[in-house]
Amino acid sequence: MQPLSFSIVDVFAEHKYEGNQLAVFRHAAHLSTEEMLAITREMNFSETTFILSEEPVNGGYDVRIFTPKEEVEFAGHPTLGSAYIIQKDIIGHPVQQIVLNLKIGQIPVTFDEKNPGMAWMQQKPPIFGEIIDLDSIAAVLGIPASSIDPRYPIQEVSTGLPALIVPLKSLKDVQRCKVNRDLYFQLIEPLSAKMILVFCPETYQAGNSLNARVFGDYYGAPEDPATGSANGDLAGYLVKYRYFGNESIDISVEQGFEIMRPSILYHRASQKDDLISIQIGGKTIYTAKGEWV
């Protein structure tokens, strides 16, 4: 295998060595699926991406996303991180928008000219799936059923990568979650959603709107520090069920604080008739580069 250039970035990070780490490989069109998966397992991040095209193809750049377990159609921080590297290392100058050609389809990423490193991705409209009973999810999370907010459903939501959304009452309830691995795999086996996102309205940092944790051992990440896809699912859920009392939101969500990788994800979402529009934003910071030999 010829040496491959790669970059490591922190996505949804307000400062270096925060957020979710991502490895982005360039000039990867010649790699087979098996080689990409092997590299991803060696990198051992929650996801690794491979940029296939150095020039736009059908209006966008071809990118593939892998977890250590498998290729996925969409994931949030790989989308933002890959777009950042395309702008910085391939295009070489600031641009307003980059479109990624992913397995799920084309995802546009828009850069904020007034806020360096900040970008927004337009996600697919959410699809709402199965509703799960309160007692079974409480057992999986190792918390009493009384920790779950009964005003809202426990439901599968997908904007490309499904998550099971679980509303909790307090930060203490979020902190005490400890996933029972056996019960987790029993629960998700028949479900589309393999990730579980828990959230509450209390936060570590003043000014943030919600605290969230995301568990996804199925994908090789028992707990993820920042998950753009699951937060897109959450944004759709918050709007559908009017969690903040109206049909639109413009909020910040903290994640990863419990595992010492603090991350901030920004949500903009609104509903008009039956259509929910979702944008998830965050900052990307360049941390390292190298060659894979």
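## Helix H3 and its hidden side

Which residues of H3 are buried? In this predicted model, the answer is Ile-137, Ala-138, Val-140 and Leu-141. Look down the axis of H3 and you'll find that its buried residues fall within an arc of 160°, so they line one face of the helix. Among the elements covering those buried residues are strand S10 (154-158), S11, H5, S12 and S13.

The N-terminal end is capped by Asp-133, with a side-chain oxygen 3.4 Å from the backbone nitrogen of Asp-135. After H3 comes Gly-142, and its phi is positive, near 70°.

Next up is helix H5, which runs over residues 181-188. Its buried residues are Tyr-184, Leu-187 and Ile-188. These sit on the same side of H5, because they cover an arc of only 85° around the axis.

What do the buried residues of H5 pack against? Their partners are strand S9 (127-132), helix H3 (134-141), strand S11 (163-167), strand S12 (195-200) and strand S13 (210-216). At the start of H5, Asn-180 has a side-chain oxygen that reaches to within 3.2 Å of the backbone nitrogen of Asp-182.

## Two nonpolar cores

In soluble globular proteins, nonpolar side chains tend to be buried together. Here, the largest nonpolar core has 56 residues, and the members touching the most others are Phe-199 and Leu-238. If you leave out residues up to four places away in sequence, Leu-238 touches Phe-199, Leu-210, Tyr-243, Phe-244, Ile-249, Ile-251 and His-267. Another core, of 23 residues, lies apart from the largest one. Its members include Ile-137, Ala-138, Leu-171 and Cys-177.

A disulfide is a covalent bond between the sulfur atoms of two cysteines. How many disulfides does the structure hold? The count is 0. Take Cys-177: the nearest cysteine sulfur belongs to Cys-200 and is 9.4 Å away. Cys-200 is in no disulfide either, and the nearest cysteine sulfur to it is that of Cys-177.

Are these two cysteines buried or exposed? Cys-177 counts as buried because its relative accessibility is 6%. Cys-200 is buried too, with a relative accessible area of 0%.

Notes. Residues numbered from 1 in each chain as written. Predicted model: local features only at pLDDT ≥ 70, side-chain atom pairs only at ≥ 80, totals over all residues. Heavy atoms only, no water. Disulfide = S-S within 2.5 Å. Buried < 20%, exposed > 50% of the residue type's maximum accessible area, 1.4 Å probe, protein only. Helix = DSSP H or I, 4+ residues; strand = E, 2+ residues; numbered from the N terminus. Arc of directions from axis to C-beta. Contact = heavy atoms within 4.5 Å. Polar contact = N/O pair within 3.5 Å; in protein donor to acceptor, adjacent residues only side chain to side chain. Core = buried A, V, L, I, M, F, W, Y, C linked by side-chain atoms within 4.5 Å.
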